[in-house]
Amino acid sequence: TLNWSVYGSYQVISTGTILAFHMSGSGSTRHDPKPILPGHTEILGFASNSMRVTTSLDSTNYNVLHGNSVTAAGSINKQDVTQINSQGTSSYYQGYAVKITADRDISGASFADSNGLCAAPFIPTNLMKKRYATNAEANYVAFASKQAGTIAVYSPAQTIGVDAPIETLTLTRAGANPNAPYNVRRGGTTPAGYRFVSTVPIGAWYHPSVEVGSAAFDETILYGTDE
């Protein structure tokens, strides 16, 4: 168990394969449980109100591309934390997806507020999957992808491949840049046990609304599979 300041860029380096998790706060006020995902040269996600980018090596060059084709670029060192603001409607993952590429490994997290709670991680694009399920009731579920595609939504009572999905979501983007990311958001209540089957690899995030099997109102990532 490690403890660190709320500010700065920290690295976790291991000689073997590990699982690493992070929680914000102290005492009885702990929030935002989430995995620490490995760094990668391409990450994807949503900048709720904003997001932060860090790197493991000095002089890392990065390029930002929003779903509406707005771009940015820069260079960061390993002690830096660079803020990138959302495009479109801010907060609650209503804005455009953000893809960030770099010449060295980077990591990123969405920030919904000023203190770092609700800091859902950006996903390395090599970890995207095609199937996800909600483990708890959610206020919304948001998806991002590098490709156009559709996502079939199934309730817990349905059989995938047999029953018709209750809904089909379409990944879209607003910009003309051919490399801009796609996204779609399912608003309203999504009960626990809903399944999402995509035609293309996607990342998925949700906003739990209950304290049963989740941390209510902490934006975080869903876990997916290809099977």
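Colleague: What should I know about the model before we start?
Modeller: It is predicted, so local features need pLDDT of at least 70 and side-chain atom pairs count only at pLDDT 80 or more, while totals for chains, interfaces and linings use all residues. Residues are numbered from 1 along each chain as its sequence is written, and side-chain values use heavy atoms, with hydrogens and water left out.

Colleague: What volume does the second largest pocket have?
Modeller: About 200 Å³.

Colleague: Which residues line the second largest pocket?
Modeller: P35, L37, P38, I123, L127, K129, Y132, I221, L222, Y223 and G224. By class, that lining has 9 nonpolar, 1 polar and 1 charged residues. Gly counts as polar here, and Lys as charged.

Colleague: Changing topic, which residues form the nonpolar patch on the surface?
Modeller: L2, W4, Y10, V12, I18 and I36, with about 560 Å² of accessible area together. Patch residues have over 30% relative accessible area and no salt bridge, and nonpolar side chains are joined within 5 Å.

Colleague: Where is L2, and is it buried or exposed?
Modeller: L2 is in the segment before β1 (21-26). L2 is exposed, with a relative accessible area of 65%; the cut-offs are under 20% for buried, over 50% for exposed, and partly exposed in between.

Colleague: What about phi of F217?
Modeller: Phi of F217 is also positive, near 70°. F217 is in the loop between β15 (195-208) and β16 (220-221), and is partly exposed at 49% relative accessible area.

Technical notes: On a 1 Å grid over the protein atoms alone, a cavity is a set of points where a 1.4 Å probe fits but cannot get out, and a pocket is an open set with protein on both sides within 12 Å along at least five of seven lines; lining residues have an atom within 4 Å of a point. Grid points are joined across faces, edges and corners, and a volume is the space filled by probe spheres set on the points. Patches are made of residues with over 30% relative accessible area and no salt bridge: like charges are joined within 9 Å, nonpolar side chains (Val, Leu, Ile, Met, Phe, Trp, Tyr) within 5 Å. Accessible areas come from the Shrake-Rupley method with a 1.4 Å probe; for residues, only the protein chains shown count as cover. A salt bridge is a side-chain nitrogen of Lys or Arg within 4 Å of a carboxyl oxygen of Asp or Glu. Helices (H or I, at least four residues) and strands (E, at least two) are DSSP runs, numbered from the N terminus. Buried means under 20% relative accessible area, exposed over 50%, partly exposed in between (1.4 Å probe, protein chains only).
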